[in-house]
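This report describes selected local features of one protein chain. It treats a sheet, a pocket and several features of the backbone in turn.

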Amino acid sequence: MQQANTIDGRAIARAVRTEVRSKVDAWTAGGRRPPYLTVVLVGDNPASASYVRGKMRASAQAGIAGDTLRFESSLTEESLLGVIDRLNADRSVDGILVQLPLPGHINDRRIIARLSPDKDVDGLHVVNAGRLAAGQAGFVPCTPAGIMELLRRSGITTSGKRAVVVGRSNLVGKPLAQLLMQKGADATVTVCHSRTRNLSVVCREADILVAAIGRAGLITAGMIKPGAVVIDVGINRVDDPARERGYRLAGDVDFEAARRVAGWITPVPGGVGPMTIAMLLSNTLFAAQRHAAGNNNRA
């Protein structure tokens, strides 16, 4: 039985990162400062610390300068808002990323709302969400932007296709639906969620099926239209005593079964994940370009 083509997110992310590095080199060759990214990390969440290290390492490899501001989990919300205000006013900082989740006593939405929309390289500010909805230039959340790059660079057309996005988060589901339906992408989009009736029936209608709901193995082979493109955004820890760590990573799609039905599929890990950091680098360069365009005195 023929198996689906595997979309290699690692290879495509490397290509994007190489392109960003080339553009940054050209940018600095003209006498400009490198793009500058500041990451704000509050608390001692090991996963968050690991993600931040990966982001900063990738930034350095792309020629992007930056720093990480680390704070104890006891930091007050008002103090964090003051940090954001200072970064917004700092003309040397092009992009600001607040690593989520924040400690429970801090309101994530209030912090994100305080960011300058033009430094919001995660694309989470409501102004950037509005720009996306209106089809205007702005920052797009990195994971949805990465998914669109995966499709484009794999030669997968979206025009006229039926796309089904399972998940309605502000981070992935909603912005991805917006991207898929924009002029140029031209897909017909259905967004599903935990209250969707007959989910299997809706999913089987999809030419492009995106799983972004955070439930391991939710999408089974029987929910996939033969030959469909399947994009798995989920990263779930599944107990596995056979592994040294005691767990393995699994997506929202039953990969082994789905690959026998789908035409294209992303693995977990190695599919969507690497694209998120790659698009963060692209967004940071874009932030520097916009910053320079509005600040002719920046050296």
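## Strand pairing and the open sheet

Two strands are taken as paired if DSSP finds at least two bridges between them. In this predicted model, strand 2, which spans residues 36–42, and strand 4 are joined by 4 bridges and run parallel. One of the bridges involves Val40, whose partner in strand 4 is Val98.

The pairing belongs to an open sheet of 3 strands, arranged in the order 3-2-4 with parallel pairing. From one strand to the next, the twist averages 15°.

## Helices across the sheet

Helix 2, comprising residues 46–61, lies across strand 2, strand 3 and strand 4, and runs at about 170° to strand 2. Helix 3, comprising residues 77–89, also lies across strand 2, strand 3 and strand 4. The angle between helix 3 and strand 2 is about 180°.

## The second largest pocket

The volume of the second largest pocket is about 590 Å³. Its lining consists of 30 residues, of which Ala145, Met148, Glu149, Met279 and Ser282 are the closest to the pocket centre.

Helix 1 (9–29), helix 5 (126–134), helix 6 (142–153) and helix 10 (273–293) each provide at least two residues. By residue class, the lining of the second largest pocket comprises 15 nonpolar, 9 polar and 6 charged residues.

## Cis peptide bonds

Which omega value describes the peptide bond from Leu100 to Pro101? This bond is cis, with omega near 5°. Pro101 is located in the loop that connects strand 4 with helix 4 (108–114).

A cis peptide bond is also present from Val268 to Pro269, where omega is near 0°. Pro269 lies in the loop between strand 11 (264–265) and helix 10.

## Positive phi values in loops

Asp186 is a residue other than glycine with a positive phi, near 60°. Asp186 is placed in the loop between helix 7 (173–181) and strand 6 (188–192). Is Asp186 buried, partly exposed or exposed? Asp186 has a relative accessibility of 36% and therefore counts as partly exposed, because that class lies between the limits of 20% and 50%.

Asn198, likewise not a glycine, has a positive phi near 55°. The loop that holds Asn198 runs between strand 6 and helix 8 (199–204). The relative accessible area of Asn198 is 59%, so Asn198 is exposed.

Gly155 is situated in the loop between helix 6 and strand 5 (162–166). With a relative accessibility of 59%, Gly155 counts as exposed. Along the chain, Gly155 and Asn107 are 48 residues apart, and their C-alpha atoms are separated by 41 Å.

Key
Residues are numbered from 1 along each chain as its sequence is written. This is a predicted model: local features need pLDDT of at least 70, side-chain atom pairs count only at pLDDT 80 or more; totals for chains, interfaces and linings use all residues. Side-chain values use heavy atoms; hydrogens and water are left out. On a 1 Å grid over the protein atoms alone, a cavity is a set of points where a 1.4 Å probe fits but cannot get out, and a pocket is an open set with protein on both sides within 12 Å along at least five of seven lines; lining residues have an atom within 4 Å of a point. Grid points are joined across faces, edges and corners, and a volume is the space filled by probe spheres set on the points. Ala, Val, Leu, Ile, Met, Phe, Trp, Tyr, Cys and Pro count as nonpolar, Asp, Glu, Lys and Arg as charged, and the others, Gly among them, as polar. Axes are lines fitted to C-alpha atoms, for helices over the stretch in contact, and angles run from 0 to 180 degrees between N-to-C directions. Contact means heavy atoms within 4.5 Å. Buried means under 20% relative accessible area, exposed over 50%, partly exposed in between (1.4 Å probe, protein chains only).
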